[in-house]
Amino acid sequence: MSALALSRWQFAITIIYHFIFVPITIGMALSLAIMQTAYHRTKNEKYGQIVDFFGKLFAINFAIGVVTGIVQEFQFGMNWSQYSIFVGNIFGAPLAIEGLLAFFLESTFLGIWLFGKGKVSDRVHLFSIWMVSIGTMFSALFILAANSFMQHPVGYKIDPATHRAVMTNFFALLGNPVLIVTFFHTLLAAITTAAAIILAVSAYQLAKRGKTPAFSAAVRFGVVVLFVSMFLNAFVGHIQGQVMTKEQPMKMAAAEALYNTQTGASFSLLTIGNLSGQPIFQIRLPHLLSVLADNSWNSTVQGINQLQAQDVAKYGPGSYVPPVWVTYWTFRIMVGVGGVLLLFGALGLWYMRRRRLDETHWYLRAAVWVAALPFIANTTGWIFTEVGRQPWIVYGLLKTSNGISNLSSLSVGITLAGFTVIYTVLAVVDGMLMFRYARKPLSEPPQSAESAHTADLVY
Amino acid sequence: MMGNPTALQIVWFTLIAILWSGYFFLEGFDFGVGMLLGVLGKSDMDRRLMINAIGPTWDGNEVWLLVAGGATFAAFPVWYATVFSAFYLALFLILAALIFRGVAFEYRGKGLSEKWRKWWDAAIILGSAIPAILWGVAFGDFVHGIPLNQAGHFTGNFFSLLSPYSIFTGLTTGVVFATHGALFLSLKTTGELRKRTQRLTRKLAPAAMAFIFAFLAWTYFNANHINDTGVVPGILPVGALMLAVAAVVLVQEGYFGWAFTSIGASIVGITATLFLNLYPRVLVSSTNNAFSLTIPQAASAHYTLVVMTIVAAIFTPLVLLYQGWTYYVFRKRISIPGTGGEETMPSAAPTPE
């Protein structure tokens, strides 16, 4: 395989892996902050117990998010040095700001939160978890500002001497329409993810150990947050689709595998057979694609063939079509999974209203498995948006194939194998620990004199 | 050539030097604590105490690296891209080490078996030693030069990064960080562990001084040999050495706090010496000095630097304030819980010697 193909695989593997943990961190930090605020206000012990319990899961997961994040920051320079030189003027700034504003905030206040109980006042302790949460959101904002530039470059010009992109307006970068919708979409997805985990773990605990006030409260929290965040995200996702239609029409056409421009375009729920030729079997919803694209029944949606011809006229010969089967299916999986989550949340609300949530065993058992769904949606969503941008690394400005470093296939092969092994080991260990701590009872009585003795040592 | 560096470019070169100095000062001692885990941590309790001493702050220390990397990317994209792709496999080793080390702190205490903890202890020791040494090697290479052609492309391989000078720089950072870590532990521990730490510190400090002396002499010889001393004011390396000497004396006299500060200041002095030796370049070409990458060639355009300067001016003081505050919150020594203050012996039987 070429160094280019290996570098692409490496980036894909490391970023997808990193983004398994990131949404948990973002959503869980906010959830913990809310629950600790509830504890602080009411002094009801059940909220304190939930915070302690999920705090442990949060810490296990946070560590892996941090270390896999360092890889991402280094990887731009390591594997994509031509890209880094081309966009460094613009792309580097949000990355540096992310470090200064977000990473310091998260890591410092997480230290206070994990180790500072009893050393700082309850108010400062509560303040710390809010700072961690705000840090994670800043982090999402700035890294998405960088990514949104790749999707839809704004606030730049090409320097005629160096042929590099240089920043001309920082606020345009932060006001990028793609950034605004993507930020809320990602943030809500992260909240859904955390809610699904809280729901799953608490449901498991209720099913296994019977009713406890803490986990009953946590199940309700999970259901409500899951439903509300998913409901809002359906709208945000819809707006995002419209921004995409405007700024990256090829991605929208590829999402539907719409080869020819159509008026009053329909949306296919699924396709069996060839996407480009004659499908064997398809379920189509009339007019839906037009509605998704710009809220009108009979609007025209541009097709892949027409957009390809336009791009050739604009950028010269070459293929400007992303791998359509990837975009088509990832888009459907993401949206479909989101729909299932929304229904599951709605059902939970219904049981909650009838005060039967704690006793509905099938629902609690199903909730454990439903926790896998947000990860599927998160992953397919990112694959869709990144693959849908291809062949561009920066839309309309630089192709992915022109972004790589001058490295041998051997070097990239070594690191690709290395990261794959390391990440697999970490996945096993992290999974083991998460499951172990998720199954533990609320507050374990000290097992021996020694463990009681060392309770103040965090590590 | 693109002329002399502009004022803003010099500001950012300086800021990046400050970020690396801060990183080496802060993570220097937590690398040191990690490296010494096998030497000083006789029992599991000792090792837990050592890890807890850096527990609340190591992650914040590591962010200095992330910000240094991000700032280099933003202010000097060509520097970032050239260095990171040239040091490809070396950086992979550093990343692998930092990954295992980072999760090890969190995971080692969460399993029950002795074997589990042994594995993660090894991850902490190696995960601290490898970057402590390899960052030194990398900085040695910046000054000593790596093969860069006229277009600024790296033409070597992994082994061209291993010159005798850069290896010696790596050994120096390894020993100095270990000493800095030992000094930090002398300040943070109590009882038997503290005594053992202080004994080791008395042996490590002279070694660190010797390495610093040899390293600075070699650096001077290198620079003088090719008639290129950068813009280093002589007081800087001499001062760094004097601080290391002072640390040895202070350790023998029992002033561990001052010795910690001295070695820390010496680390900053050495880092500053290296950066000023580089100036006005950011990366020396060993192929031909004329091919070296310079500040103006590597820098971002004026507008980006202005934006970054404003952001840094607003937020850096804030960060320093709250990071300083955490060290204040966790200023107390770490002792075995339930045994009271630092003068109390641990309740476990004292280790016979």
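This note sets out numbered points on the predicted model shown above.

1. Basis. Residues are numbered from 1 along each chain as its sequence is written, and chains are lettered from A and ligands numbered from 1 in the order in which they are written. Because the model is predicted, local features need pLDDT of at least 70 and side-chain atom pairs count only at pLDDT 80 or more, while totals for chains, interfaces and linings use all residues.

2. Contact between the chains. Chain B contributes 56 residues and chain A contributes 60 residues to the contact, where two residues are in contact if their C-beta atoms, placed from the backbone, lie within 7 Å. On the side of chain B that touches chain A, the elements giving two or more residues are α3 (44-54), α4 (58-75), α5 (77-86), α6 (88-107) and α13 (302-329) of chain B. Helices here are DSSP runs of H or I with at least four residues, and strands are runs of E with at least two, numbered from the N terminus. The largest share of this side, 13 residues, is from α6(B). Its residues divide into 36 nonpolar, 16 polar and four charged; Ala, Val, Leu, Ile, Met, Phe, Trp, Tyr, Cys and Pro count as nonpolar, Asp, Glu, Lys and Arg as charged, and the others, Gly among them, as polar.

3. Helices α1 and α11 of chain B. Helix α1 (residues 7-35) of chain B packs with helix α11 (residues 256-278) of chain B at an angle of about 145 degrees, their axes being 9 Å apart. Axes are lines fitted to C-alpha atoms, for helices over the stretch in contact, and angles run from 0 to 180 degrees between N-to-C directions. The crossing of α1(B) with α11(B) is right-handed; a crossing is left-handed if the near helix is turned anticlockwise from the far one by less than a right angle, and right-handed if clockwise. The residues in this contact comprise eight nonpolar, four polar and no charged. Among them are Trp20(B), Phe24(B) and Phe25(B) in α1(B), and Ile267(B), Val268(B) and Phe275(B) in α11(B).

4. Helices α9 and α11 of chain B. The axes of helix α9 (residues 191-225) of chain B and α11(B) come within 12 Å and cross at roughly 20 degrees. The two helices are therefore roughly parallel to each other, a term for angles under 35 degrees, with over 145 counting as roughly antiparallel, 65 to 115 as roughly perpendicular and the rest as oblique. Their crossing is left-handed. The contact residues include Gln198(B), Ala205(B) and Ile212(B) in α9(B), and Phe256(B), Ile263(B) and Asn277(B) in α11(B).

5. Cis peptide bonds. In chain B, the bond from Tyr279(B) to Pro280(B) is cis, with omega near 0 degrees; Pro280(B) lies in the loop between α11 and β1 (281-283). In chain A, the bond from Gln390(A) to Pro391(A) is cis, with omega near 5 degrees, and Pro391(A) is in the loop between α13 (372-387) and β7 (392-394).

6. Positive phi in chain A. Ala257(A), although not a glycine, has a positive phi of about 55 degrees. With 20 C-beta neighbours inside 10 Å, Ala257(A) counts as buried. Arg355(A), also not a glycine, has a positive phi of about 55 degrees, but with 8 C-beta neighbours inside 10 Å it counts as exposed. A residue is buried if 20 or more other C-beta atoms lie within 10 Å of its own, exposed if 12 or fewer, and partly exposed in between, with C-beta atoms placed from the backbone.
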